[in-house]
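I opened my notebook for a structure I had not looked at before. These are my entries, written for anyone who is also new to it.

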Amino acid sequence: MVLSLAGIIVFLVAEILPLFVPGRVVPDARIEARARTEARARIDAIGSMTAVVVDPRRTHVATLREDGTLRVLDWTNGSTVLERELLAGGAALVAPLAGSPGVAGIAADGRAVIAGIDWRVSYPDGIAEVTPAVASVMALEVETRGAAPRALSARLDPGGATLVVALDDGSLSLVQVAVDVNDFTGEREETVSATRISTPAPLDHLALAPEDAEVFASASDGRIFWWEVEDGTPVGMRQARSEAPVTALEPLIGGRALLAGRSDGVVDVWFALSRGRAGRELVHVRRFDGPGGAIGHLAGSPRGRSFLAAGAGGSLGLYHSTAHRELWTGHTGSAISALAWAPKANAAAIASARGLERLRVDAPHPEAGLASYFSRVWYEGHPEPEFIWQSTGGSDEFEPKLSLVPLVTGTLKGTIYAMLLAIPLGVLGALYTSQFMAPSLQRVVKPTVELMASLPSVVLGFLAGLWLAPRLEAVLPGMLLLLPSLPVAVLLAGAAWRALPARWTLRFQGGEILFQAVAISGVVWLCVRASPAIEAALFGGSFATWLHATTGLEYDQRNAIVAGIAMGFAVIPIIFAISEDAVSNVPRSLSAASLALGATPWQTMVRVVLPAASPGIFAAVMIGFGRAIGETMIVLMATGNTPLLDWSPFNGFRTLSANIAVEIPEAPHGGTLYRTLFVSATLLFALTFAINGAAELVRERLRRRFSGA
Amino acid sequence: MSDARPIPEPDADLEKPVIDVDALSLWYGSAQALRSVSLRVPERRVTALIGPSGCGKSTLLRCINRLNDLVDGVRIEGDIRFRGESVFAPERDVNALRRRIGMVFQRSNPFPKSIYENVVYGSRIHGSLRRSDLDGVAERSLRRAGLWDEVKDRLHESALSLSGGQQQRLCIARAVAIEPEVVLLDEPCSALDPIATARIEELMQELKESYTLVVVTHNMQQAARASDYTAFLYLGELIEFGETGQVFVNPKERATEDYISGRFG
Ligand SMILES: Nc1ncnc2c1ncn2[C@@H]1O[C@H](COP(=O)(O)OP(=O)(O)O)[C@@H](O)[C@H]1O
Ligand SMILES: [Mg+2]
C-alpha cells in the first residue's frame, strides 16, 4: 500500500519535474570569420549589419550583409553554397523577413529588394539533403527624396509582399507588391503601390507583424507607435511611451504582442489591444530584466511566445512571455549583431564579429511554470489578466492558456453542489432510518441504498445529461420556487403537527417525520406543476432568456445543478451507509437514558445521538467529499465541460479529473500539455490527500471530545 | 432503617400507592416475561424487586416508564396506573410520564458530555431555565447525589473521566435533577465495588425522603438493608410482596425462603 503510493508519487514527480527545468542554450556549430586578407578565409568579417536566416533542418544559414549579397553557408564546413547579389553597390539596411524565410534590403538611394529563400529538401540515398534556392526576388523603388533610410521591415504575403521603410526625414513609406500570375501564359505581373505618411518623430525601429496588417515602430525619444494597414495605408496611429529609449523592437508570433528592448536592459511586452473599433490601445503588460546591458536585438520564436534577447557584450537571454519566465541567460563571447531562430524553434543563429554561431535551444516546456498554473495571466487579446484554461487552439499562433484555477474551482464547484444535496439527504436519511424507522423497513431500505452505490457513475451521468437536464430546464422556475417554499412548508407542517389533537400525535412517535415527508413531497409536486405558469407569468415564457437578459448569466442545459444532482446521487449511498453505521453504533443505553429523562425521540437524536455519532458522520461526509472530488464520468456527461471560473449554478464547469479525461487523448506524450495534465492529477491527488488527512484529524478530535477518552 | 415505623400491611392500602400494577402480563414475541403481576408501590418508600436472573425484574421496571416501547414486538395485558391513571392509555404523553418517573440503569450511562451538561440535560430539554437556574439545579442535584464535593471543581470536565461509582451517582443526580416523583433503579450497584455500593445505598436512604424508589437488586443484603418493601419475582410471577422485614425474616412462600437463603438463584 505504502509502496504503491510511493510509486505513484515518484511517477507523478518524474512526469512533472521537466516542466520546471528552465532551459538551456548551447553552442553547437560555428563558422569563423577571418580577416579579408587571409588566404583561406572562410567568410568575410561580419560587420554590424547582418540579416540571418536558418533553415528548418539547421544545416544551412543565409546572410545578407552590407555588401548587398545574399550568401547561404553550410554549417558543417562553412562553405558558401549559394551567392547572389541582391543590391548592387551595397545595402544601407538589411532585415530578415517577418514570418517566412527570406531577407530584405534597401540601398541608400531607395532601391529595395525582397528575396524569399526556398530550403528544398531531397532524399538521395534516403538521407535528407537541403538545397537552398532563391525563390523569388522582388525589386522595388522607395522614393527617398534624399533622405536616408533608418529602419526597415518586410514580409512576404500570399500574393505579394509588404515593405516598410522609415526615413530620417520623419516619414514612413509602405510599399505593397501584388503579384499576378497569368494562368494561361504564366506571365508574372507585379503591381506596386506605395504610400507615405509622416510620423511624429523619426523612427529608429520598425516591425511588421508576421501576418496581420500591423506596423509597429519606435522613436529615439522612447515613443512606441502602432498603425493598422488599411488599403495599403497605415492608419489609426496609437502611441505609448516606454520608460527608457527603445533599442530593439520585435513582434511575437500572432502580432498581438510587441517586444521592446530598452537601453537600460529591460525588455517590455506591449499588447496591441483592440477593444472595439475605437478602443485600440498599446498597453504595457509585463517586463523582463534582460540578459545585461542595452538590448541590441530581439527575436520572437516562430513556434510560441518564447523570445531571445541579446544585450551588450554578447549577453543573451531566453524568455517566455506568457509564463513570464526567464529560461536561460548567458554569454556568447562577443557582441551580437544579428539574431535569428530556426523555424522549428529548436535552434538559433547569432552573428558577431567572430563569425556565425549556431545555438541549440533546449527549452521543451517554456510556457509551464507555477505562475502559468496559479496566477492571473494577461493573455494576448484579453483586456486584463485572467485565469483561463484553454490548452489548444486552431493555429500555430494560438497562445496556450494553462491556468489550473478554473479547474480547481470547477472541481470544488461540482463537489459543493453535490454535497449540498448529498449531505442533507444522506445524513438525514441515515438518522431517520436508524432512529425512527421500523426494523422491518430498515431491513429493506439499507440494502437498497447500498445497491445504489453500485450504480455505475456512467449510468448516472448518462441519465443526468440526457434525461434529467432537459426536464430540469422545463421546470426550473418551479425548482427555484422550491428553495423558499420548502423551509416554509417544513415549518408549517411542524406547526400543523403540533396543532393536531394529542390523541393522534402521541400514538406514534416519529410520525412527525413521516408527516413532514408527505408535506415535502406535496410541495415539490406543487412547484413542479406550477412551474410552466410561473415561467409564463414572471419570466416571459423562457427562464433562460430572462436570466440572460436580467443578470447576464448564461443558462446551460447541462449545468452545475444537473451535475450536482447526479454526483449527489453517487455520493448519497456512501454518506448514508457510513452515517447509518455511526448512528447505529451509538450505544442504545445513551438514547435510553435520554428518553428516560422525558426527552422526545427527536430531542434524543439531536442532543445525544447526533453528537455521539458526529465523528462517524463527519467521516462519512469527508469520504463522500473525496469521492465527489475525484468523480469523472458524471461530470464528463452531465456538464458542458466548460472550464469557466464562476460559481453560477446555471452553467457547467470542468473538474480536474474530467479535464484529464477530456484532454489526455489529444496531448502528445511528453509534451507540455501532457505533463500539465499530470500536474493537475497531482493537484487532485494532493487535494484528496489533504481532505482525508484533515478529516482524519478532525475526526480524531471529535472522537476524543465525544467519547471523553 | 425503617424498624421504628409501624409495619403496614401493603395490601391493606395503609400507605398511599403511587404505582399500581394491575394483573400485568407481558410477552416478548411469543415468550411470556411477566405473568399477571400485581403490586402497589407505596409513596416515599424504597421498594426492592428481587428474584433470579431473567425473572422479569427489569421488564417490570421498564413497563412503569414505558421504556419497553423501544422494544419491537412487545405485547402487554393488564395495566399499570400511575397516580390512578393508566400509563398505557393512548392519549398518555409518554415524555411527560418519563419526566415524572426517572430511571437509573444497571450500567452507568452518562452522556459523553461534561458533568454539568449531564446533570442539566433534563432541565434543558424541559424548560427554558436561565443559566443561573441551571447552575442551581446542577449544584442541588449533585449535592443530593452526594457528588458535589467531589466534582465541584471540575464540572466542565467530561463525565466519562469519573470513576464507575461516581458515574452512577452522576446518573442519579441527572435523574433527580428534573424532580421526578418516582425513581426506578435497575441494579444500580451491580457494577460497583463495595464502598461505592455502600455510598449508593446511603443515598437511597436520603432520597426516599423526597422520592418513591423502586430498586431492582440481586444482592439480598442490599435489599434487606436498604428497602422498606420487597417483591420477589420468579419466572415472571410475583411470588411474594411485603414489608422487607417480614419477607426476609418470615417469608410466606417456600420459594422465597429458598431464594433468600441462597438455595437457588
Ligand atoms: N428485549 C427483549 N427481547 C426479548 N426478550 C427479552 C428482552 N428483554 C428481556 N427479555 C426476556 O425476558 C425475560 C425477563 O428479562 P429481564 O426482565 O431482563 O430479567 P431480569 O431483569 O429479571 O434479569 C428473560 O427471559 C429475557 O430473556
Ligand atoms: Mg435485569
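**Entry 1: what kind of model**

I noted at the start that this is a predicted model.

**Entry 2: the domains of chain A**

I looked up how chain A is divided, and found domain 1 at 25–386 and domain 2 at 406–707. I then checked the centres of these two domains of chain A, taken over C-alpha atoms, and they are separated by 59 Å.

**Entry 3: a sheet in chain A**

Next I traced an open sheet of 4 strands in chain A, with the order β1-β28-β27-β26 and antiparallel pairing. I wrote down β1 (24–32) and β26 (336–341) of chain A as the edge strands, since each pairs on one side only. From one strand to the next, the twist averages 20 degrees. I followed β1(A) to its partner, strand β28 (residues 355–362) of chain A: they run antiparallel and are joined by 8 bridges. As one place to look, I marked I31(A), whose bridge partner in β28(A) is L356(A).

A reminder to myself: strands of a sheet pair through backbone hydrogen bonds, either parallel or antiparallel.

**Entry 4: a hairpin in chain A**

I moved on to strands β24 (residues 315–320) and β25 (residues 325–331) of chain A, which pair in the antiparallel sense over 6 bridges. Which residue of β25(A) is the bridge partner of S315(A)? I found H331(A) there. β24(A) and β25(A) form a hairpin, and I noted 4 residues between them. In the turn, H324(A) has a positive phi of about 50 degrees.

**Entry 5: two helices of chain A**

I picked out helix α3 (residues 405–435) and helix α10 (residues 560–584) of chain A, which pack at an angle of about 35 degrees. Their axes are 6 Å apart. Is the crossing of α3(A) and α10(A) left-handed or right-handed? I recorded it as right-handed. The contact of α3(A) with α10(A) has 20 nonpolar, 10 polar and 2 charged residues.

**Entry 6: where the chains touch**

I turned to the contact between the chains, which takes 29 residues from chain B and 21 residues from chain A. On the side of chain B that touches chain A, the elements giving two or more residues are α2 (94–100), β6 (101–104) and α3 (115–126) of chain B. I sorted the residues of that side of chain B into 13 nonpolar, 8 polar and 8 charged.

**Entry 7: a sheet in chain B and the ligand**

In chain B I found another open sheet, with 4 strands in the order β2-β1-β4-β5 and antiparallel pairing. Its edge strands are β2 (31–42) and β5 (85–86) of chain B. Strand β1 (residues 17–28) of chain B pairs with β2(B) over 8 bridges, and I saw Y28(B) opposite A31(B) in β2(B).

Y28(B) came up again in my look at ligand 1, among the surrounding residues that also include A33(B), K57(B) and V71(B). Which helix gives the largest share of the shell around ligand 1? I found helix α1 (residues 57–64) of chain B, with 3 residues.

Notes: Residues numbered from 1 in each chain as written. Chains lettered and ligands numbered in written order. Predicted model: local features only at pLDDT ≥ 70, side-chain atom pairs only at ≥ 80, totals over all residues. Near = placed C-beta within 6 Å. Pairing = 2+ DSSP bridges. Contact = placed C-beta atoms within 7 Å. Nonpolar A, V, L, I, M, F, W, Y, C, P; charged D, E, K, R; others polar. Domains from an automatic or database assignment. Axes fitted to C-alpha atoms, helices over the stretch in contact; angles between N-to-C directions. Left-handed = near helix turned anticlockwise from the far one by under 90°.
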